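Trainee: I have just opened this entry and would like a guided look. Could we go through it together?

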Amino acid sequence: MPMSAFDQSHAIGISAASTPPQSRLLDPGFNLTLRPMRYAQFYDMYRDAIRNTWTVEEVDFSLDVNDLRNKFGPAERHLIERLVAFFATGDSIVANNLVLNLYKHINAPEARMYLSRQLYEEALHVQFYLTLLDTYLPEPEARAKAFDAIEKIPAIRHKAEFCFKWMDSIDKLDRIETREQRRQFLLNLICFAACIEGLFFFAAFAYVYYLRSRGLLHGLAAGTNWVFRDESGHMAFAFEVIRVAREEEPDLFDESLKADIAQMLDEAIACEQLFAEDVLSGGVAGLSLKDMRQYLEYVADQRLAQLGMAKRYHARNPFAFMDLQDVQELTNFFERRVSSYQVAVEGEVTFDAAF
Amino acid sequence: MSTTEQEIAASTARSTANQSDSRAPQFALTPPHSSGTMAVTKRNGKREPVDLNKIVRAVTRAADGLFSIDPMRVATRTISGLYDGATTRELDELSIRTAAMLTTEEPEYGRLAARLLSEYIAKEVAGQEIHAFSQSVTRGHELGLINARLLEFVQANARKLNSALDMELDRRFDYFGLRTVYDRYLLRHPKTRKVIETPQQFFLRIACALCEDVNESLELYRLMGSLDYLPSSPTLFNSGTTHEQLSSCFLLDSPDDSLESIYKRYADVAMLSKFSGGIGLAYTRVRARGSLIKSTNGLSNGIVPWLKTLDASVSAVNQGGKRKGAACVYLEPWHADVEEFLELRDNTGDEARRTHNLNLANWIPDLFMRRVEADAQWSLFDPKAVPHLVDRWGDSFNAAYEQAEAAGLASKQVKARELYARMMRTLAQTGNGWMTFKDKSNRACNQTAKEGNVVHLSNLCTEIIEVSSQGETAVCNLGSINLGQHMHADGFDFGKLADTVRVAVRQLDRVIDLNFYPIESTRSSNLKWRPVGLGVMGLQDVFFKLRLPFDSVEARDLSTRIAEEIYYNALVTSHELALERGAHPSFADTRAAQGELQFDAWGVTPSDMARWDALRENIRKGGLRNSLLIAIAPTATIASIAGCYECIEPMVSNLFKRETLSGDFLQVNKYLVEELKQLGQWTAEIRDRIKLAEGSVQDIKEIPERLRHIYRTAWEIPMRSLIDMMAARGAYIDQSASLNLFMESPNIGQLSSMYMYAWKAGLKTTYYMRSRPATKITKTTVTAAAAPALAPVATQEQAEAAVFCSLENPEYCEACQ
């Protein structure tokens, strides 16, 4: 969901509700009051998320196995193994931070409803990647190795360390009392929204969509579509929390915070680029390191824009296959299942309705 | 082109700068690549530096006659995606993909990509020392792929055939079409998996395999190579090979109500699926749940467990790696298991009672529709109690049904409208549960003149209407005329159409004799009736070229006239064939033998009755070679090859993505692009707005209203007009057509009105109910970019609002109706 739509549709409700200065989103405590609802947008997001429910069982991996066996060279095989290794641990880290930090400090019951839903989605994603891993890696040893990624693969360890650094920074925080603590909390949230879900995952999606643009791994791509949709929702939620916190306490977003954010993004890009060097070490035509870096910078600029900050890298999206992601699909039923049909249908039999 | 270079240089400089000012560069990064230092590995294993100019020259060579493309852009982008040490093969592939990706901006890039691919394929074939057409066929035979008949034919006429091959015809392909041919149709070496024929050699091979003399085959080759006409996929896959199964459709009568018969059908279905056929299978004879099984004194679990097994069997048969098997099960709505049948494709509920791979269709007698209209009761029966109902239609069915009701044989009674509403819900939720009409299909079928010859079902795509029985499995061979290729300066070219029909009918008739029949019941049936299914594709292209709105009276009249001319010329050709080779053996049992033609069943009088009366008389005397001639199939894959819109369908979106086994491809409406270019409106901004609006131009007010009217999508034109157009052409379609219907957010009220109207209009069959996703994937590159240059906020809001209204208020949304 684009930020702008939320800005406009909910601006009035928020400013009216936020007049009493005592009830701010990041104030400590466990608010239980749903009526009157202070942040209706979070409740809407919760309901939207429910409507997007999918299950791992709907994903058909049968063609993927054939692709891996017959169409993948060593370079691509290496790419996919690294990617699965990252996915397998990435969502778990996000879920942990959600429980240990975000849920504790975002003090609105409607927002906590969304977070509960997000937690379920993170578990669903872990289930998806676990199923993927079991399907792609038939050898128990290779599976164990993939889950050991954090320890064994330096490029993934770097990414994990980056995450832990920002998790640990507020680990000891039980209540947010001071301005400095709120600032620290915001940095944690921004790290997860802009760097982990908004950059690391977006890079991972790019690898998947690159493969799909070559007609490979349709099962992975189909599941990733849904994961991608969920992650877009998580980001939209996090950015909305940031926007509200900022509106309620405008001076929180000062120059030093902005400098910290810029540095954080630089670090995240460097981490992800290091990962790219490993992932692409076999040489994959159509995915050069240079293009990957440019893509990361392009994505980072988008995150800055979502935070209302100036662009920093001025890069353009080099991956045309990511454009494909935006276009309506038309599936030939001989080839794959059409999964886009309506869920609820209402009405009664009549013979004079317009059609 | 210098801008592109500058951009690349600038971005390289930026990357370097960022690296140095990045505050935590604890790990070394690989320096960015520049084309100066990069090398490629050539096919002979030697390395050489990447030469930008060489790539630009290659692209420019392929781009002659294309004026809107920038070869330098393709070349620099290609190099940018390359890694050090990549092979020249990878370089070629990348340049093709790079050009293809630019298609959304400028359709000519699609042409360029197609030409680069054409050269790539030629290199692959020539690299195996295959140059002339006859060499390709010989190699295919050596590898065990090509049959001896074709080899002999080609060797006997090698000189003439080799010199007839026209490489220039490759230029007619757009990228998606050629890619499809390359990925799935060209013969491949069984071990190396390299293709052993070029696209033109492929077409010529098909033509030689389907004809008896050289001149005939060259005539057919020109038609296919020009993309004027294409046979169906099974014919394209298998002609001239060692397994010449060339038919598209098989229609199997319901298994008898016995274990042996049910299991024999599984085997029949598997054998027919194996060689690319689509299956229609009736199931109405099998007893319902709760019916007594005498031998074991147990109670039957009904048809669902049998269909579950069928489901697994169908998905297990992979059609030679080319596509998955597919089948559609037909059930009459008086079968007592019909309610469970309608739930077979639900996403929720007991998985043991779900069949995700089967398509479902309702085979509906008029009596049911009348009871729905009258809001009356409807009786459900166990077929064991009324085994005769399956073989009756019309008045005879009505009488038998009401007699059974009066005799108290019904297992259960429901309100007809409640069952109808369930059918509508299944259509809305799954797109499946197609509405096909038993009585009209029988009444207007040439094969049902003699009592006992009954149509029991349609096929996988609801366009075939043929009789079947326990001993007769109906078969149909298909081919489609690309209507957009039959135009001249003054409009539609009916003369060229007549010529194409004659060649096509002869080819389709020949397939009947050549065909490899996987099971015996197909052979006997096909030789007796000799039915064929000539169809069309690209009707929408004709309308775009003539700037006719799809729902205009002019469009409907033209469509009807095209149908009439095709039917007339097909009958003429089939009659000529009957004079040359004899009428089909069961001609005396047909309505045509009594002088009755398709339009008579519709109560329609053609405009030029004199020529029809003359033809009628000729047919009565000299017969027809084929009992059925016309069927409009969905043409999903061959329309892609021909680069036109599918069959008789309106365009679904001005911009959409095709996801296929060969990867994802963008399709942009080239007619709209041309119009917008002329107006100077084909800009990045308009493109993004079309993307945001899911391929619609209706809210882009800068585009003139007249154009917006023409470029409405299938979601935006009234379905009543599609049904009217189908009913008007129906008088000249002796089988049926795969008619999809489209509704953004359907509700029961709209659907029940629409299908009641379709029945009253006299349609034999309908196909998918197409609706749109309830939720949509977030736009990555448009909305998230939030870039100032992109879509204005107003449009974004509208897009959001449209999504919102269809989600929250499917009933009250005026915008969707």
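Mentor: Let us begin with one pair: the side chains of B:Asp64 and B:Arg115 form a salt bridge, with N and O 3.8 Å apart. The term stands for a side-chain nitrogen of Lys or Arg within 4 Å of a carboxyl oxygen of Asp or Glu. Please note that this is a predicted model, in which local features need pLDDT of at least 70 and side-chain atom pairs pLDDT 80 or more, while totals for chains, interfaces and linings use all residues. Residues are numbered from 1 along each chain as its sequence is written, chains are lettered from A and ligands numbered from 1 in the order in which they are written, and side-chain values use heavy atoms, without hydrogens and water.

Trainee: Which parts does the pair B:Asp64 and B:Arg115 tie together?

Mentor: B:Asp64 lies in the loop between α2 (52-62) and α3 (71-80) of chain B and B:Arg115 in helix α5 of chain B, so the pair ties together parts 51 residues apart in sequence. Helices here are DSSP runs of H or I with at least four residues, strands are runs of E with at least two, and both are numbered from the N terminus.

Trainee: How many salt bridges does the structure hold over all chains?

Mentor: The count over all chains is 80.

Trainee: Into which domains is chain B divided?

Mentor: They are domain 1 (52-212), domain 2 (227-245 + 477-652 + 714-739), domain 3 (249-444) and domain 4 (654-713). The bounds come from an automatic or database domain assignment.

Trainee: What area do domain 2 and domain 4 of chain B bury between them?

Mentor: About 1600 Å², 49% of it on carbon and sulfur atoms. Buried area is the accessible area (1.4 Å probe) that two parts lose on being put together, summed over both. B:Phe544, B:Arg547 and B:Glu716 supply 42% of what domain 2 of chain B buries against domain 4 of chain B, more than any other three residues.

Trainee: How many salt bridges cross that interface of domain 2 and domain 4 of chain B?

Mentor: The rule finds 2 there. B:Arg547 also forms a salt bridge with B:Glu675, the closest N and O atoms being 2.5 Å apart.

Trainee: Changing topic, which peptide bond is cis?

Mentor: The bond from A:Arg35 to A:Pro36 is cis, with omega near -10°. A:Pro36 is in the loop between α1 (3-17) and α2 (40-51) of chain A.

Trainee: And what is the phi of B:Glu129?

Mentor: B:Glu129 has a positive phi of about 60°, although it is not a glycine. Its place is the loop between α5 (108-126) and α6 (133-142) of chain B.
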